[in-house]
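Let me put the structure up and walk you through a few spots in it.

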Amino acid sequence: MDQLYIYNTLTKEKEIFEPLKPGFVSIYVCGPTVYGDPHLGHAKSYVAFDVVVRYLRYLGYKVRYVQNITDVGHLTDDADEGEDKLEKQSRIERLEPMEVADKYMWSYFDAMDRLNVKRPDIAPRATGHIPEQIEMIEALIERGHAYETEGNVYFDIRSFEGYGKLSGRSLEEAEAGVRVETAGDKRNPEDFALWKKADPSHIMKWRSPWGMGYPGWHIECSAMSTRYLGQTIDIHGGGLENQFPHHESEIAQCEAAHEKPFVRYWMHNNMVTLNGQKMGKSLGNAISLPQFFEGDHQLLSRKWPADVIRFFLLQSHYRSTTDFSEEALAAAESGLKNLHEIFRAIDEAEPGSGSPFDIPAFVDEVKACLNDDFNTARAIGTFFEQLRSVRKQINDGNPPSNVDELAGELKMLADEVLGLWPDEAGSGGEEDRRRLHQAIELLLEIRQKARSHRDFETADRIRDRLAEVDITIEDAPQGTTYKIGGKSFTFTLTP
RNA sequence: GGCGACAUGGCCGAGGGGUUAGGCAGAGGUCUGCAAAACCUCGUACGGCGGUUCGAAUCCGCCUGUCGCCUCCA
């Protein structure tokens, strides 16, 4: 595949990607509702779309990536009488709703930074775009798609014939699915709220043409995507579970208001399970990302580094479900370690007399994987498969003559696009690092001396004790190599 | 109950009508004081039952199972 194909959830087909404006891509991904720490599900979704954006940029597109922060309007249930999630959490934590929003927004961004997810270009907040939301609701009322009753405004689902086209749901089905008591002032039970009247105890409320109130859940995405990306956007992403009702309602709002197609390519990532089960607070298996990073949960036996989680996620396709288990993570960790060894070997090698590597074929193959609806799992497989021979050449002392060029191309793909490049070791100060190396080298000298006296007890003790603090020693004919947390250094001694 | 996905070797996970995914784990070997690392070799798997076909794990049907949506969720 020499062109990018994207699986469009709307048409259920892989389609050649062609943006509305050549060279430019507008992408909107549903961001988190910030009332709690981010969890594995967020990681899967945002790592997946991170690669989408990175790859589009690699292909030369100028991308504008918008991801909202929902900090109002998301109710605890859809009975239209539910409580705002932010307000509820603010009561529990005894904080202002905006303190809750800020706290968890930063928790979210911190976790994403650690997962090496690039920040969106714009991260608009729902509370910062109340005027845009009101304006859009007014337009919907004007066009006869929405109506006001007693300070509430609802979208009239029957006025929009395309409702259900994304989720494949007919109006009758939607109606049959409504199990909860509906608010008495709706025309049809499946109509959804655009604006809600706030009672006096409500903290987050704004003045509107319909009185004091707050926006519904779906309207913020429509208003903000229109504001920053225009009326028709190229890609809209999000989790599969948001297809209905959230994305369906976004389509209705935007297309009813603008009378233009809303989204050219809908992308939905699949779900995450934990030990085969859906994560849920009621099941007691909801583990947050900070808990993974710190190993701070009953179900976890240890810490799991962010780069391992990212690699694990990218080893499966974004449209497949991903089951997390510590066994699977451990396997991913070993695999990533090996991949990093290969990357480092290529990155550090000097061009030699070995036969040149076929770089264009390699790059084309990786691109073919990614062009096929962002198949990161196959791309990673290609790295292992094709780079093995290069590593062997390097080990044998005959690096390919074009190993420098390969390192450059590899960095573009593995670092810029997939974000899997190893971190630099020794993040402490330069001075500390130098002292550390000298201390290790001193120990290696002592060990070498012990070995020459055949005092293997001492030699092994040094090796074992260093291994305990993640400094590993490898003896080779050319000299001894040591690794601090995976990053290798060569130290030559004459025995 | 309605709608929709998926079922791949010990584990994870791509692919997809006839020819190797890949990773992890495991076995043997080279090397080594031992070890580690590296390298070499080794697994012929696709839920069950029917059907289409010269040929199906890959297409169709049924069954079983798992998961998701239909209520908040990435």
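So, start with Ser26: you'll find this residue in strand β3, residues 24–29. Quick note on naming: helices (H or I, at least four residues) and strands (E, at least two) are DSSP runs, numbered from the N terminus. And before I go on, this is a predicted model, where local features need pLDDT of at least 70, side-chain atom pairs count only at pLDDT 80 or more, and totals for chains, interfaces and linings use all residues. Residues are numbered from 1 along each chain as its sequence is written, chains are lettered from A and ligands numbered from 1 in the order in which they are written, and side-chain values use heavy atoms, with hydrogens and water left out.

Back to Ser26. Is Ser26 buried or exposed? Buried, because its relative accessibility is 10%; the cut-offs are under 20% relative accessible area for buried, over 50% for exposed, and partly exposed in between, with a 1.4 Å probe and protein chains only. Leaving out residues up to four places away in sequence, Ser26 touches Arg64, Leu229, Thr232, Ile233, Asp234 and Ile235, where contact means heavy atoms within 4.5 Å. Look at Asp234 there: its backbone nitrogen sits 3.0 Å from a polar atom of the Ser26 side chain.

Most residues other than glycine have a negative phi, and most peptide bonds are trans. Now look at Phe244 and Pro245: the peptide bond joining them is cis, with omega about 0 degrees. Pro245 belongs to helix α7, residues 243–258.

Then there's Asn116, not a glycine, with a positive phi of about 65 degrees. Asn116 is in the loop between α3 (97–114) and α4 (130–142), and counts as partly exposed because its relative accessibility is 33%. Arg454 also has a positive phi, near 60 degrees. Arg454 is in the loop between α14 (430–452) and α15 (456–468), and at 64% relative accessibility it counts as exposed.

Last stop, helix α12. There's a kink of about 40 degrees in α12, centred on Leu387; the bend at a residue is the angle between axes fitted to the seven residues ending there and the seven starting there. Leu387 is one of the buried residues of α12, which also include Phe383 and Val390. What do those buried residues pack against? They pack against α1 (40–58), α9 (306–314), α10 (326–348), α11 (359–371) and α13 (403–417). And just after α12, Gly397 takes a positive phi of about 85 degrees.

Notes: A polar contact is a pair of N or O atoms within 3.5 Å; within protein, one must be able to donate a hydrogen and the other to accept it, and residues adjacent in sequence count only if both atoms are side-chain atoms.
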